[in-house]
Amino acid sequence: MKILIYGEHRDGQIRKITLENITLARNLGAEFEVLFIGNAADDFKDQVAKYGAGKALFVRDEKLKTYSPDGYAKILMRVVKDRQPDVLLMGATATGKDLGPRVSALLNAPMATDCVQVEMENGQLKLVRPMYAGKVRANLEMNGQPKIVTVRPNVYQASEQPTAAQAEELSVEVPDFKAIVKEIVSGAKEKLDVTEADIIVSGGRGMKGPENWHLIEELADLLGAATGASRAAVDAGWRPHDEQVGQTGKTVSPTLYIAVGISGAIQHLAGMSSSKYIVAINKDPEAPIFKVADYGIVADLFEVVPRMIDELKKMKN
Amino acid sequence: MNIAVCVKQTPDTEARIKLTEDRSQVDESDINFILNPYDEFAVEEAVKLKENNGGEVTVISLGPDRVTTAMRTALAMGADKAIHLKTDRHPDDPLVTAKALAEVLKEGNYDLIFLGKQTIDDDHNQMPSILGSLLDMPAVTVVIKLEIEGDKVKAEREIDGGHEIVECSLPAIIGAQRGLNEPRYPSLKGIMRAKKIQIEERPVTLETEQLKVASYDYPPPKEPGKIVGDSADAVPELLRLLREEAKVL
Ligand SMILES: Cc1cc2nc3c(=O)[nH]c(=O)nc-3n(C[C@H](O)[C@H](O)[C@H](O)COP(=O)(O)OP(=O)(O)OC[C@H]3O[C@@H](n4cnc5c(N)ncnc54)[C@H](O)[C@@H]3O)c2cc1C
Ligand SMILES: Nc1ncnc2c1ncn2[C@@H]1O[C@H](COP(=O)(O)O)[C@@H](O)[C@H]1O
């Protein structure tokens, strides 16, 4: 089996999902290469070689320094036609979700979004993806070439296995762009996005108001975590929408999810119940969040969270 | 402005999803269906543009008979026309759905095509992007702010950890994300008006699906958790468990 991995990068950094996908391709026993389109650094080839990717492909052009979804899709389509992989592996990130379907349509190839299981079973690719916001999981059957698969970040952990690095520059004709990114407006500070974070500290209506969010932020800082929120907190205007976790917010699967003052409504659980460990802090022992929590403290969060901050500070020293 | 909105009918967010005994399908018997929540933003934006600039809004939905209820909701919000692409079920493969939608969209010569960024049943997140390729039109997904001046489109969209501003020209496809607007509730007048609109029914032939759901499973059950304590004094023990048992700190 031959896999082409879409190398996602931003601001001169390879994104974690790319290394996760390399590790995944390696473990599937596949032959694979990593493709970087746009403003990629030469040493990306060395960085991916550390994870076992012996071949890095580059498509570089002055015009590609600005992202165009349709432009990038056409380039990716041409590379796929040329390299003939069985599988195009991407991240189920904002980029993967935007770009993957465009390529799927250009190539008339099937695509599975947001897979949480990608395995070889009797020489066949076994793919599982959550549907209905994680309430059920679908076992997929795919025909066509290539199979386009986006993998949910954080499901497969990246691990190193160094190999020799090799690079190849591809010359691909750059098409006209229909839509162009003019400007990137990043969060206030360079915020870690919830979908990528290993640890998430989320606050809900129990936080009482935005003036108390310094508690969530301080706890998150100490843990190197991203901050999330329930829809109640977002609807109240306490938190920006891009922090919302749940069925109509983001789906996350961090290693650790700490729910503070969140009741655990079905729509919230839909977005976070696949987290590896869940901690709930809530004063109501009947709150449904405790049904999915691995560890819970039934107490006033305004006592528990400051204590956590104190203890973590002590641990750090 | 000539505007199309593609909408899907989905289970409401509260719905418990039950599988049929053989797990080959979702059991729809107890499900309450609604207009896909993201499609409400799409409809609202279309209707708002029509109200400000004149024009017409056409709702298009592919699916079984039941989807006309969701189409009526969109009409009650202010859409003018509706085209139902009648099938016996929703295809598993979004590309197959998209090709059928693309046929109708081509005919309509729309200036703007709105969709939701995602359905909350299939969760594909694909349709606006696919249609961009099939119709060879600019498509901007996950849009939270939209400005249109003449034939220039400026859209702000969510990306991981930030936003970006995308520019293109009409005709264009927009995938609506929460934040784009506050969808209105259909007024009584709107509901009465919607009842009188004839939904145009069109047969479709679907292509062979390259993506199929072979079977479904419930997610692996969670082991019952541990209540570590009932006061802040439980914090040191909680941190110990996270460090030593879960090994996540
Ligand atoms: C179409 C639709 C889509 C939705 N999508 C989402 C979604 O994507 N994400 C989402 O989160 N919700 C979503 N919801 C909303 C969801 O139904 C709930 O209303 C919401 O999750 C509740 O947020 P909460 O847990 O913060 O608030 P509440 O349910 O009010 O819970 C607050 C909790 O805080 C606890 N608490 C209060 N004070 C303290 C204290 N001092 N110390 C400790 N604990 C305290 C209370 O015991 C309570 O359990 C959606 C709803 C609909 C209809
Ligand atoms: N069967 C359908 N009929 C009409 N529009 C659809 C259909 N399925 C999906 N859509 C549109 O495409 C968007 C994204 O859907 P999806 O890619 O399936 O997550 C939805 O929010 C709808 O606007």
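**Two ligand sites**

Tutor: A polar side-chain atom of Asp39(B) lies 2.5 Å from an oxygen atom of ligand 2; a polar contact here is a pair of N or O atoms within 3.5 Å. This is a predicted model, where local features need pLDDT of at least 70, side-chain atom pairs count only at pLDDT 80 or more, and totals for chains, interfaces and linings use all residues. Residues are numbered from 1 along each chain as written, chains are lettered from A and ligands numbered from 1 in the order written, and side-chain values use heavy atoms, without hydrogens and water.

Student: What about polar backbone atoms by ligand 2, say from Gly116(B)?
Tutor: The one from Gly116(B) is 2.9 Å from an oxygen atom of ligand 2. Val7(B) also brings a polar backbone atom, 3.3 Å from a nitrogen atom of the ligand.

Student: How much of ligand 2's accessible area does the protein cover?
Tutor: 99% of the 480 Å² that ligand 2 has on its own (Shrake-Rupley method, 1.4 Å probe).

Student: OK, and how many residues surround ligand 2?
Tutor: 19, with Cys6(B), Asp39(B), Leu62(B), Thr119(B) and Gln126(B) the closest; a residue counts if one of its heavy atoms lies within 4 Å. By class, that shell has 7 nonpolar, 10 polar and 2 charged residues, with Gly counted as polar and Cys as nonpolar.

Student: Which element gives the most to that shell?
Tutor: E6(B), with 3 residues.

Student: Switching to ligand 1: why is its site called shared?
Tutor: Residues from chains A and B surround ligand 1, so the site is shared between chains. There are 27 residues around it, and among the nearest are Arg205(A), Ser230(A) and Thr248(A).

Student: Which charge classes show up there?
Tutor: The shell around ligand 1 has 7 nonpolar, 14 polar and 6 charged residues.

Student: And how far is the side chain of Ser263(A) from an oxygen atom of ligand 1?
Tutor: An N or O atom of that side chain is 2.7 Å away. For His268(A), a polar side-chain atom lies 2.8 Å from a ligand 1 oxygen, while Asp300(A) has a side-chain N or O atom 3.0 Å from a ligand 1 nitrogen. The protein buries 80% of the 990 Å² that ligand 1 exposes when taken alone.

Notes:
A polar contact is a pair of N or O atoms within 3.5 Å; within protein, one must be able to donate a hydrogen and the other to accept it, and residues adjacent in sequence count only if both atoms are side-chain atoms. Helices (H or I, at least four residues) and strands (E, at least two) are DSSP runs, numbered from the N terminus.
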